[in-house]
Amino acid sequence: MKKYKILFLFLTGVFAINSCNTNDLELSDPNQITPETFFANEAQVQSAVNASYANLQPGALYGRLMWFMNDNMSQEAVNGGGMEPNKEVFLDFSFNATNVFIRDYWDACYRGINKANFVIGNASIIDEIPEGELSNATMLKFYAEARFLRAQYYWLLVNKFGNIPLRNGDFTQPEGKPISPKADVIKLIIEDLEYASIHLLPKESEETGRATKGAAQAFLGKVFLYEKRYGDALVSFNKMSGYDLEPNFLDNFLEETEHGIESVWEVEYDLSLGTSNKWGSDGTGKNHATFRGQDYGALDWFGSAPSDDLVNSFEAGDKRLNSTFYFAGDSYDNNTKTFKASDFSVGRGWRKYQNYYKQPSEVQESGINAKVIRYADVLLMMAECENQKPGGSQSVAVGYLNRVRARAGATAGGVFPLLSTTLSKEQVFEAIVHERKVELAGEQVRFDDLIRWDRAATFLAGTGFQVGKNELFPIPLQEISSNVNVTSADQNLGY
């Protein structure tokens with residue numbers, strides 16, 4: 001069960017700010033809380049940091065839409081019979097700049113950035129808090145948390161929109177910010193994560209639910225990987241300590257076994273904190289429940305079902321198949337019931353992130369955390385870096401792959417075999433592509449993988465995906481119409 005419940009205190013007079021010019025509120029409004037009057041002690045700084053976590057939770061991100069957007073675009077999912085038309089647009093790439101979900105995604109990220117910037121941008125005031133009220137070490141940790149979270153939100157934006165407005169904590173200009181090159185955003189993300197890697201606490205010393213040193217190191221390594229800075233990525237990954245693979249793969253996706261040894265970074269959900277805002281939190285945060293169970297549940301809404309391509313990608317003997325999906329004959333509800341073939345419109349349902357293991361049906365409120373980075377993902381990224389870097393070792397890369405495969409039941413010379421250490425660079429890369437697909441199925445990473453590997457055009461042929469357009473989302477029309485420094489000329493190609 002969860003060991004720690006993050007308090008999401010919302011300072012409405014300060015944090016109700018958007019990326020648009022209409023919401024960039026003047027922070028010296030005498031009718032509102034101001035940094036000068038608010039930041040006086042550790043508890044107040046911590047409450048501002050806590051608020052920065054909240055915008056990962058709402059329906060626009062991990063609470064709901066993050067799942068549909070990525071799983072549909074990657075073709076890992078198909079309509080299970082209950083998918084609404086406004087979710088199907090991500091299956092056939094028919095969305096446009098007026099899409100409400102894309103707007104809410106943008107809004108949730110920028111609200112999170114602004115909350116983090118409220119801490120980062122007021123460092124001069126926070127620095128003046130007496131040591132007796134806030135120790136220097138704790139203050140640096142708070143800054144590191146805010147910078148880690150800012151990097152997280154920017155990462156979600158830059159991979160989906162490319163060039164975006166860059167807000168770095170400077171509150172002196174009230175108007176909306178212009179579009180900045182993607183490279184400038186990546187530069188800030190790297191700077192934030194390098195700072196966080198130094199000043200965050202290790203996992204064993206931090207309360208569960210908070211950003212940690214290992215999470216920053218993993219996240220930084222991932223950014224370097226995407227930038228093809230393979231050596232730098234490996235340096236960051238190799239600094240991680242205290243992580244390993246869960247003996248039982250499925251334990252990564254159960255509520256009772258959260259924050260285990262494999263967990264690097266996860267988004268918190270806790271039903272005991274209240275779930276009354278679940279339908280009203282699309283971009284604003286403060287949502288302690290996710291719809292993932294209900295939306296994907298084979299016995300419930302079944303909006304999403306695993307695709308044939310995904311299920312057929314698993315090798316014979318791979319234990320992950322039956323830990324990722326439910327099939328007819330599988331037991332549920334504490335082993336008191338059995339799935340029937342008629343329960344599945346497409347022959348199977350999702351098992352990852354479902355609550356059926358302990359109950360007969362899903363409800364609109366699931367408390368299972370969203371795993372953003374697991375150590376298995378780190379090992380697979382390390383394999384890719386080792387394989388792709390100049391002078392890299394394919395045998396070392398295979399070693400990382402085999403650690404992941406062994407947990408899934410692979411043995412030397414078995415039906416589901418460990419990989420040979422004599423594979424060529426090209427063969428190792430194909431093995432990495434396969435392992436990421438099956439190990440991380442339904443974990444919102446495959447679409448980004450297809451894009452960065454330049455494989456989307458081939459794999460997504462016939463789906464509605466248009467090369468040169470659908471690699472990115474459109475900048476929301478609301479941003480263009482309300483931000484004086486963003487115009488239709490800034491819109492992504494094809495929209």
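Guide: The conversation below takes up cavities, pockets, salt bridges and a few secondary-structure elements.

Visitor: What kind of model is this?

Guide: This is a predicted model, in which local features need pLDDT of at least 70 and side-chain atom pairs count only at pLDDT 80 or more, while totals for chains, interfaces and linings use all residues. Residues are numbered from 1 along each chain as its sequence is written, and side-chain values use heavy atoms, with hydrogens and water left out.

Visitor: How many cavities of 30 Å³ or more does it hold?

Guide: The structure holds five of them. A cavity here is a set of points on a 1 Å grid over the protein atoms alone where a 1.4 Å probe fits but cannot get out. Volume is the space filled by probe spheres set on the points, with grid points joined across faces, edges and corners.

Visitor: And how much space lies in the largest cavity?

Guide: About 250 Å³. The lining has 19 residues, and Tyr 62, Trp 155, Leu 156, Lys 222 and Gln 444 are the closest to the centre. A lining residue has an atom within 4 Å of a point.

Visitor: Which elements give two or more residues to that lining?

Guide: They are helix H4 (65–73), helix H8 (136–161), helix H10 (213–226) and strand S10 (370–374). H8 has the largest share, five residues. Helices (H or I, at least four residues) and strands (E, at least two) are DSSP runs numbered from the N terminus.

Visitor: How do the residues of the lining of the largest cavity divide?

Guide: There are 10 nonpolar, four polar and five charged residues. Nonpolar covers Ala, Val, Leu, Ile, Met, Phe, Trp, Tyr, Cys and Pro, charged covers Asp, Glu, Lys and Arg, and the others, Gly among them, are polar.

Visitor: On to pockets. What volume has the largest pocket?

Guide: The volume is about 220 Å³. A pocket is an open set of points with protein on both sides within 12 Å along at least five of seven lines. Of the 14 residues lining the largest pocket, Asn 159, Lys 182, Tyr 226, Ile 451 and Arg 452 are the closest to its centre. H8, helix H9 (182–199) and helix H18 (446–452) each give two or more residues, and H18 gives the most, with four. The lining divides into seven nonpolar, one polar and six charged residues.

Visitor: What about the second largest pocket?

Guide: Its volume is about 190 Å³. Lys 203, Thr 208, Gly 209, Thr 212 and His 259 lie nearest its centre, out of 14 lining residues. That lining has two nonpolar, five polar and seven charged residues.

Visitor: Changing topic: how many salt bridges does the structure hold?

Guide: The number is 39, where a salt bridge is a side-chain nitrogen of Lys or Arg within 4 Å of a carboxyl oxygen of Asp or Glu. One of them joins Glu 191 and Lys 187, at 2.6 Å from N to O.

Visitor: Which salt bridge partner does Glu 443 have?

Guide: Glu 443 meets Lys 352, again with a 2.6 Å N to O distance. Glu 443 lies in the loop between helix H17 (425–439) and H18, and Lys 352 in the loop between strand S9 (349–350) and S10, so the pair ties together parts 91 residues apart in sequence.

Visitor: Is that pair buried or exposed?

Guide: Glu 443 is buried at 6% relative accessible area, and Lys 352 is buried at 0%. Buried means under 20% relative accessible area, exposed over 50%, and partly exposed in between (1.4 Å probe, protein chains only). Salt bridges that share partners place both residues in one network, whose members include Glu 262, Asp 318, Arg 374 and Glu 439.

Visitor: Where does Arg 374 lie?

Guide: Arg 374 is in strand S10 and counts as buried, at 1% relative accessibility. Ser 263 stands opposite Arg 374. S4 and S10 pair in the antiparallel sense over four bridges; pairing requires at least two bridges found by DSSP.

Visitor: Why is S4 described as largely enclosed?

Guide: Five of the five residues of S4 (263–267) are buried, so the rest of the structure largely encloses this strand.
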